[in-house]
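Subject: Handover of a structure for your study

Dear colleague,

Please find the structure below, with its sequence. The notes that follow set out what was found in it, and I would ask you to read them with the model open.

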Amino acid sequence: MPITYVPETRTFFLDTENTSLVFGLYDHDYIHSQYWGRRIHHADLSRLLRVCASGFSPNYPGAPDREHSLDLLPTEYPVYGGGDYRSPALQVEFPDGSRLLDLKYKSHAILDGKPALPGLPHLDGADCTLELTLCDEYSGLEAVVCYSLFEKQDVIARSARILNKTGAPLTVTRALSASVDLPRADLEMIGLYGTHIRERQLDRTPLRHGIQSVESRRGASSHQHNPFAALAAKDTTEQAGEVYAATLIYSGNFVISAEVDCFNSTRFQLGINPFDFSWRLEPDEAFVTPEAVLTYTDRGLNRMSQNFHNVFKHHLGHTEIRNKPRPIVINNWEATYFDFDEEKLFGIIDCCKGLGIDTFVLDDGWFGQRNNDCCSLGDWVVNTGKLPRGLDSIIERCEQNGLSFGLWFEPEMVSEDSDLYRAHPDWAIHKEGRPFCTGRSQLVLDLANPAVLEYLKKALSAILGSHRISYVKWDMNRHITDAYSAALPACRQPEIYHRYMLNLYALLDFLNREFPHVTIEGCSGGGGRFDAGMLYYMPQTWTSDDSDAIERLKIQYGTSLVYPPQCMTAHISASPNHQMNRVTPYVTRARVAMSASFGYELNPLHLTDEERAEIRNQTALYKRIAPLVVEGDFYRLISPFEADGCAWMFVSPDRRRAFAIYVQKLSKPAWPQDRLRLQGLDPDARYRIEELDGVFYGDELMYAGLALPRLFDFESVSYTLERLD
Ligand code: GLA
């Protein structure tokens, strides 16, 4: 059993294939973290805890001596009020104004598998779960701290359930999903920051004393900071070294922090951002935190990513579509923007015939009076000015040309100039009478209001239920401001962000169940909501509104730190590129886009015959390599953040097939003898490389490498490998 309780030493051992997490019961039944790292024997590690008096570290009630202080104790779910001055995981406020808590062990249960997290996206199919019940004796409040093990992936999922057993209402003001105390500070914090059209750039800085964090206060996980952080040893590279990493299965306001205290220990925490958050809990109610996903490895950042990828590929979400190759999509956004009508769309659709494209996705502009981005969001009825015969004629035209049909929505939004806003101004997030912000001339619908949830269920079902739609692009093009809900009483206003998220998840869950054949692609101004919460309901997300292949190298490389490549949508767009004005060879654009869920974002009417032939080759190649992108292990080989080029590769789980690309950014004047060393192959096997028409040993390719050819600006090479024996 991967979870063991040793009663003699009162110690819990949580073992995955390569890691162990150890904690024990300490004086007065506090939970004492002992170890998280490479797998070890079940030794008594309580010896590692040094108690020593420290000035200004107070002693808890009943402490045996002046050396016992919660300020010094590494613990699993710290609280506020008992002398631990570091950041707590839990804070509450009782009706008498007291905010004091003292959580001690009450009981534990070891369960097979893993209970679902009601109303929240979560991992399924864990090997086993430890539920540790902690209790504040004075008030009766309980916290059930849950650890679910995914042995093979070296992943532990953590969440907490706060139970109000106090007999009176209380307010939760901070409830994090996980807190980990590490007995070291010699680490670097790695995060993914960005902006619209430049998402998930790598950031790596040494920890310093004090708190450092990444967070969102925007109502969405955001372009600005992804809900992920890793603490890596200074010498950790892609291929070697220690990493403690965490991400959150949540799409709203989050915080991930590392607090280095004066004794050089580090508290690593994550969960819902306590900023502008509180939750009123009636007697006997529970508050359940989102799930945190933690992994440790001593085999470098690439292994960390593979652990996340494997657990997300196999245990996240209930859509049937997740592990199948996705359709090759053509989307009309960059081809037409808002400027289209039936005839123009027919031209585009007809032109796709025979190119190997599977699905045509009609983007923004098909509904209400939507001819620009200033109106009609919320009015999900066809724009008859553009499409007089409705969606049906477009769908029929697609089918005549062998394509299925997909449609863009931005369900969470409302334009001031819309019938919906005119009828229900109180359904938008803002405070009536008070001037409010707009973003892209639009407001956010108040999903904290159940009436809005019901409206969206009906409006979306009406379209999805009456048309042959196999694909939905679900956009979200601004963040929340003016956070006030007309549907919530004063004391519950700080619940708005989390209630919004819970009802958004309820809506997506409803649609997944009602329309299981529909693939939903997430989007938020590109990759502004690229998180595991959304991926639970939507197997892929439009990675960035920057479709330039060279910019995408960094964006896709950064995204791959946490998320499997097939979760990223990447399209070949026109050259010069619309965002960067950069001219990039077709084949490079194809190689970068094929390293993800592939498609096109251009006007096929502008293609030459040669380009059409090239597209036929690309779609045929993608159909061959798509299983590798979906099932394969992903290896980052050369970082675009550090080098003049970028390389990565996919290797099938049985190591029989592989696909690698190298892309040159700017070329170099004096061409050095650059080599590309592959990874993940069987060292003793022989592989044929199609592009080189040669046969090589796995060890030769991994240790000696391939000599890269001379490449000029934005040129690239690919290598398709097949094992011979
Ligand atoms: C966002 C998306 C784009 C496109 C537009 C439509 O910016 O990221 O791909 O759908 O909205 O308005």
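Strands β32 and β33 are joined by seven bridges and run antiparallel. Two strands are said to pair if DSSP finds at least two bridges between them; helices (H or I, at least four residues) and strands (E, at least two) are DSSP runs, numbered from the N terminus. Within this pair, Ala647 has Tyr662 in β33 as its bridge partner. The two strands form a hairpin with five residues between them, and in this hairpin Arg655 takes a positive phi near 60°.

Please note that this is a predicted model: local features need pLDDT of at least 70, side-chain atom pairs count only at pLDDT 80 or more, and totals for chains, interfaces and linings use all residues. Residues are numbered from 1 along each chain as its sequence is written, and side-chain values use heavy atoms, with hydrogens and water left out.

The sheet around β32

β32 and β33 belong to an open sheet of six strands with antiparallel pairing, in the order β31-β32-β33-β38-β35-β36. At its edges stand β31 (633-638) and β36 (694-697), each of which pairs on one side only. From one strand to the next, the twist averages 25°. (Axes are lines fitted to C-alpha atoms, for helices over the stretch in contact, and angles run from 0 to 180 degrees between N-to-C directions.)

How is β32 covered? Seven of its seven residues are buried, where buried means under 20% relative accessible area, exposed over 50% and partly exposed in between, with a 1.4 Å probe and protein chains only. Gly645, Ala647, Met649 and Val651 point one way from this strand, while Cys646, Trp648 and Phe650 point the other way, and all are buried.

β32 also pairs with β31, in the antiparallel sense and over five bridges. Here Asp633 has Val651 in β32 as its bridge partner, and the hairpin of β31 and β32 has six residues between the strands.

Further along the sheet, seven bridges join β33 (residues 657-664) to β38 (residues 716-723), and these two strands run antiparallel. In this pair, Ile661 stands opposite Ser718. Two helices are also found here. Helix α10 (residues 586-593) lies across β33 and β38 and runs at about 50° to β38. Helix α11 (residues 609-631) packs on the sheet, touching β31, β32, β33 and β38, and its direction makes about 90° with that of β33. Contact means heavy atoms within 4.5 Å.

A buried strand, β20

Why is strand β20 (residues 291-297) described as largely enclosed by the rest of the structure? The reason is that seven of its seven residues are buried. Both faces are covered, with Glu291, Val293, Thr295 and Thr297 on one side and Ala292, Leu294 and Tyr296 on the other.

β20 pairs in the antiparallel sense with β9 (residues 155-163) over four bridges, and Leu294 is the bridge partner of Ile156. β20 also pairs with β15 (residues 243-249), again antiparallel, over seven bridges, and Leu248 stands opposite Ala292.

The sheet at β1 to β4

Another open sheet has four strands in the order β1-β2-β3-β4, with antiparallel pairing. β1 (3-6) and β4 (30-38) stand at the edges with a single partner strand each, so one side of each is left without a neighbour in the sheet. Neighbouring strands of this sheet are turned by 15° against each other on average, direction ignored. Five bridges join β2 (residues 11-15) to β3 (residues 19-26), and Thr11 stands opposite Gly24.

The helices

Two packed helices are described by the angle between their axes and the distance between the axes. Helix α6 (residues 450-464) and helix α7 (residues 496-514) pack at an angle of about 25°, with their axes 10 Å apart. α6 is therefore roughly parallel to α7 (angles under 35 degrees count as roughly parallel, over 145 as roughly antiparallel, 65 to 115 as roughly perpendicular and the rest as oblique). The contact includes Leu453, Leu456 and Leu460 of α6 and Ala506, Leu507 and Phe510 of α7.

Finally, helix α9 (residues 549-559) is mostly covered, with nine of its eleven residues buried. Among them are Ile550, Arg552, Leu553 and Tyr557.

Yours sincerely
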